[in-house]
4 protein chains.
Amino acid sequence: MRIGFVGLGAMGRGLAGRLAGAGHTVRAWSRSARSRDLIPEGVVVVPKPLDLADSEVLISMLAHDGAVRAVFLAEGLLAALAPGTIHINMATVSVDLARDLAKLHEARGAAYVASPVLGRPDAAAEGRLHLLVAGPAAAITRLEELWAVLGQRVWRFGERPESANAVKIATNLTLACAIEAMGEAAGLAGAYGVEAGPYLDMLTQTLFSSPAFKLYGALIAEDRFEPPGFRLALGLKDVNLALEAGAEAAMPLPFGAVLRDRFLDCVAHGEEGRDWCALVMAGRRQAGRA
Amino acid sequence: MRIGFVGLGAMGRGLAGRLAGAGHTVRAWSRSARSRDLIPEGVVVVPKPLDLADSEVLISMLAHDGAVRAVFLAEGLLAALAPGTIHINMATVSVDLARDLAKLHEARGAAYVASPVLGRPDAAAEGRLHLLVAGPAAAITRLEELWAVLGQRVWRFGERPESANAVKIATNLTLACAIEAMGEAAGLAGAYGVEAGPYLDMLTQTLFSSPAFKLYGALIAEDRFEPPGFRLALGLKDVNLALEAGAEAAMPLPFGAVLRDRFLDCVAHGEEGRDWCALVMAGRRQAGRA
Amino acid sequence: MRIGFVGLGAMGRGLAGRLAGAGHTVRAWSRSARSRDLIPEGVVVVPKPLDLADSEVLISMLAHDGAVRAVFLAEGLLAALAPGTIHINMATVSVDLARDLAKLHEARGAAYVASPVLGRPDAAAEGRLHLLVAGPAAAITRLEELWAVLGQRVWRFGERPESANAVKIATNLTLACAIEAMGEAAGLAGAYGVEAGPYLDMLTQTLFSSPAFKLYGALIAEDRFEPPGFRLALGLKDVNLALEAGAEAAMPLPFGAVLRDRFLDCVAHGEEGRDWCALVMAGRRQAGRA
Amino acid sequence: MRIGFVGLGAMGRGLAGRLAGAGHTVRAWSRSARSRDLIPEGVVVVPKPLDLADSEVLISMLAHDGAVRAVFLAEGLLAALAPGTIHINMATVSVDLARDLAKLHEARGAAYVASPVLGRPDAAAEGRLHLLVAGPAAAITRLEELWAVLGQRVWRFGERPESANAVKIATNLTLACAIEAMGEAAGLAGAYGVEAGPYLDMLTQTLFSSPAFKLYGALIAEDRFEPPGFRLALGLKDVNLALEAGAEAAMPLPFGAVLRDRFLDCVAHGEEGRDWCALVMAGRRQAGRA
């Protein structure tokens with residue numbers, strides 16, 4: 001297939017490289033000059049987004065709503081798409097943006113498919129991502145061969161693209177909850193003489209023996225917040241996406257509200273560039289144990 | 001060994017039965033007449049707690065602090081113990097009580113070992129419990145053969161019994177956090193067209209594929225809150241234990257505080273007898289989606 | 001003075017009328033056709049915002065950030081102002097908008113003064129508003145004769161317009177806190193046999209004998225939430241302004257976070273059009289006492 | 001009247017002195033030897049609580065539930081009261097204790113009247129307290145001449161003594177809410193260039209011009225947390241009383257929950273002996289502005 005790829009960050013590079021490796025024609029554009037040195041083999045870089053307008057499938061993996069709006073709306077990529085194009089947006093964006101884009105693509109005769117992912121750059125490069133997919137069924141079905149390259153499993157959540165974004169946002173909220181929960185639990189054990197390491201070892205080998213708890217549990221136990229696997233500032237962005245999606249649906253999210261304050265506390269203490277597991281530092285400070 | 005067993009509830013019966021089955025002499029006492037009909041094979045019931053005072057090892061599995069204080073302090077079992085006796089308290093009790101009992105046993109020349117457990121009655125009966133153990137090292141080591149009967153693995157948390165209780169309390173807090181987190185996440189997905197079942201399926205087969213998330217995720221997805229696996233009223237008790245332990249250590253636990261209000265909301269709506277996963281109903285009510 | 005007035009809602013009408021009554025030349029524009037029937041005596045209505053570009057002093061009292069941006073930026077009123085014009089923005093807008101507008105006015109050679117107010121439409125019409133004023137000192141001083149017409153007292157908060165907006169937003173946050181605090185306190189008294197009326201009477205005649213507590217206390221005691229004095233939906237808007245201003249300054253506001261969830265609960269239950277004192281209904285529902 | 005007075009702390013001394021000054025026979029007992037040097041004129045100190053058993057009216061003003069239980073239950077004063085005695089408990093105690101004592105007095109043929117107060121020691125000494133009174137109507141009515149000496153106004157809350165305690169506890173909760181609300185509001189204003197002094201001046205001269213806001217506003221504006229007017233540790237005790245009373249009634253109190261964490265944060269930072277307005281320090285620390 002003739003694929004256009006927008007966004008060559010750590011995630012995008014892995015995915016674009018896999019697509020090229022699988023024999024697809026992949027042209028890509030990236031806003032960041034820096035990352036142009038890191039072009040995956042077989043991927044051709046184009047000078048501007050509009051050069052990708054004639055792709056059969058357009059895949060975007062941009063950092064936030066603003067970047068998506070800039071490329072697709074302000075710079076006009078959406079308005080230049082040929083009818084019949086399928087756009088797969090793999091980024092974690094707001095439900096609002098997903099809804100707007102779905103309508104605008106439909107008006108243009110193009111299909112908008114949301115496919116945010118679970119997994120980090122290494123998983124992206126190795127085809128181990130979980131793909132959370134929602135959008136027009138016909139388009140999703142037509143892309144079967146791509147999904148197999150992009151990740152290990154497709155989880156379908158219906159025809160409304162924003163559903164997949166809500167799923168992704170809710171899942172990141174759950175991850176942040178796991179961090180805070182481990183922080184409070186390990187703090188409590190610590191107050192009674194049990195160190196975080198042995199406590200979280202037990203926790204993540206018994207009732208909570210899942211990838212998320214194991215990964216974050218180890219980071220928390222070892223105070224290993226640098227280099228960041230996922231920056232705390234991005235975690236705050238995602239919790240805000242959750243709170244906004246909740247607000248639009250008139251749904252209080254009290255854990256979300258606590259998390260937002262925890263993130264702000266960390267930002268106030270200069271930790272926005274650390275791994276988001278540094279969230280537990282807010283609790284330690286509050287208890288005078290930082 | 002000559003074992004005395006106090007408390008023949010669902011957990012206690014399974015454990016006492018295993019000990020008798022392993023060839024130990026097990027005499028038991030239970031406050032509840034009702035459960036006397038359910039005596040495990042090989043276990044001899046005695047008429048009053050004091051009849052167990054001459055045990056080599058005394059194991060108790062009572063419902064709450066009050067029951068422990070009643071039997072060991074008010075009814076005088078502790079004061080009647082022979083020096084050298086080892087008392088293993090397997091219940092989820094407060095750190096305060098653990099500390100008090102440790103001192104009183106020591107004064108008496110007896111050893112107090114805390115060993116709260118992870119697992120439900122079926123796991124108790126089948127030797128699959130995880131044992132969270134803290135207390136005098138010599139006593140714990142001497143009991144090696146018993147631990148192998150009581151559970152699948154011993155997790156040791158030092159010499160202060162209350163450490164094991166803090167670990168247990170912190171872990172139950174984490175479980176309650178998991179329920180609330182899934183409630184908020186599934187609620188958010190639900191507001192954007194994704195039902196709890198498919199959402200929680202995905203969640204608990206990917207990042208959160210642990211026993212706790214799988215078990216509770218299924219209950220939440222199916223609104224299966226009766227019969228209760230663990231009563232909501234007991235969950236409230238345990239969150240209060242966490243908050244009290246935190247308060248004593250001057251440690252704010254904001255997720256714990258949110259959970260307490262959630263539990264009270266459920267009690268106000270008559271749900272104290274349902275499974276504690278019914279906690280998610282509080283969120284649904286708040287969002288007008290109950 | 002030759003005054004242009006933008007926004008003839010209930011507040012704006014009172015203020016524009018007072019200015020005309022004091023002998024100033026007042027031309028006004030309002031987006032809402034409906035309110036054109038309610039033009040205060042002596043005020044001349046102009047057909048479009050740009051007709052006010054040649055005013056010496058431009059006063060705006062619009063409903064929210066969006067309306068201000070529409071009139072001053074999108075419709076170009078700001079770009080058409082003569083150098084030397086003073087713009088007094090009396091609305092409750094975000095600190096972000098205030099900062100943006102201050103810069104844009106300065107670039108244009110105009111002065112931007114923020115003057116949000118304390119008081120309701122009757123106070124506006126009778127000159128009893130408190131004016132929270134910040135902006136260029138020279139401009140504020142030059143307007144002395146206007147301030148005396150617009151309100152009973154000027155409270156000055158320095159030269160940065162957004163300071164006055166922060167003060168207004170913080171004060172509305174305090175008002176919402178007062179409502180929730182009375183709701184919790186009256187709820188607690190109520191659970192032990194004391195009705196809200198006698199309880200709040202005592203409270204607001206002793207330690208809390210202030211205008212805000214007296215006014216809201218009476219509404220809460222009598223469940224008098226309609227017609228709204230201040231719509232709950234506007235209260236949510238203002239709490240969001242506080243949370244956003246806090247977030248920008250990396251400042252957690254835990255009472256603010258609780259209030260946001262309370263407001264969302266009320267919106268979920270169809271109460272956005274009631275007086276914001278209906279916030280207490282959320283607490284009553286949670287306690288099963290609605 | 002022949003009055004027995006239990007508890008000669010700062011509040012009790014003022015009250016006992018007023019009663020003696022009004023011509024009543026006042027005998028008093030105090031647990032603290034230290035305060036025996038500070039006996040008000042006309043008050044006779046007795047060596048032990050039981051010496052007061054034959055009083056017509058027994059007034060107690062003790063520090064907390066534990067002290068009341070010690071004197072009236074453990075030391076047997078209640079059991080020694082003559083039938084017909086009226087006991088006025090003026091302390092801030094739990095609703096639970098009030099209910100227990102009401103029953104025990106009734107069984108004894110004595111009357112139990114709760115009369116917690118609003119006001120500090122100077123108000124007690126000058127007869128300016130507000131008296132929050134509940135209990136048997138006949139007893140309250142019979143004491144009319146005493147009430148006029150004890151305070152400036154009686155607020156009656158029915159026949160169940162615990163109602164008055166709930167009112168007092170709810171009011172202290174409201175006071176703590178006021179402190180936190182001012183802390184958040186002043187913090188927000190401060191983040192945008194407005195100092196706490198001018199901000200709180202404005203606030204407490206306009207919408208919040210009540211005694212509580214004025215007093216606490218001044219302490220917060222000036223960081224005047226020592227010497228304490230009311231110790232932070234006592235504030236925590238009272239918020240816990242509110243949370244417990246709420247829990248018993250299955251009533252979530254989310255502001256109360258936030259406050260508890262704030263108090264614990266302050267205790268963790270060694271501030272339990274400062275004025276409870278030091279609560280605002282927790283917010284400043286969270287925002288990195290302490």
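This is a predicted model: local features need pLDDT of at least 70, side-chain atom pairs count only at pLDDT 80 or more; totals for chains, interfaces and linings use all residues.
**Group meeting: a walk through the model**

Residues are numbered from 1 along each chain as its sequence is written, while chains are lettered from A and ligands numbered from 1 in the order in which they are written.

A few words on terms. Helices (H or I, at least four residues) and strands (E, at least two) are DSSP runs, numbered from the N terminus. Buried is when 20 or more other C-beta atoms lie within 10 Å of a residue's own, exposed is 12 or fewer, and partly exposed is in between, with C-beta atoms placed from the backbone.

So which residues of α4(C) are buried? They are V95(C), L97(C), A98(C), L101(C), A102(C) and H105(C). They cover an arc of only 150° around the axis, which puts them on the same side of α4(C); the arc is that of the directions from the helix axis to the C-beta atoms. On the face turned away from the buried side, α4(C) carries the exposed residues K103(C) and A107(C).

With 14 residues (95–108) at 1.5 Å a residue, α4(C) should span 20 Å, and its end C-alpha atoms are 20 Å apart, which agrees. That expected span is 1.5 Å times one less than the number of residues. Just after α4(C), G109(C) takes a positive phi of about 85°.

Staying in chain C, there's an open sheet of three strands, ordered β7-β8-β9, with mixed pairing. Strands β7 (117–118) and β9 (153–156) of chain C stand at the edges with a single partner strand each, so one side of each has no neighbour in the sheet. Pairing here needs at least two bridges found by DSSP. Strands β8 (130–133) and β9 of chain C run parallel and are joined by four bridges, with L131(C) partnered by V154(C).

Over to chain D. What sits on each face of strand β4 (57–60) of chain D? V57(D) and I59(D) are on one side, L58(D) and S60(D) on the other, and all are buried. Strand β1 (2–6) of chain D runs parallel to β4(D), with four bridges between them, and I3(D) stands opposite V57(D). Strand β5 (86–89) of chain D also pairs with β4(D) in the parallel sense, over four bridges; there, I59(D) stands opposite I88(D).

Last, how the chains meet. 56 residues of chain B are in contact with 56 residues of chain A, where contact means C-beta atoms, placed from the backbone, within 7 Å. The largest share of chain B's side, 19 residues, comes from α8(B). That side divides into 38 nonpolar, 14 polar and four charged residues. Nonpolar covers Ala, Val, Leu, Ile, Met, Phe, Trp, Tyr, Cys and Pro, charged covers Asp, Glu, Lys and Arg, and the others, Gly among them, are polar.

Methods:
Two residues are in contact if their C-beta atoms, placed from the backbone, lie within 7 Å.
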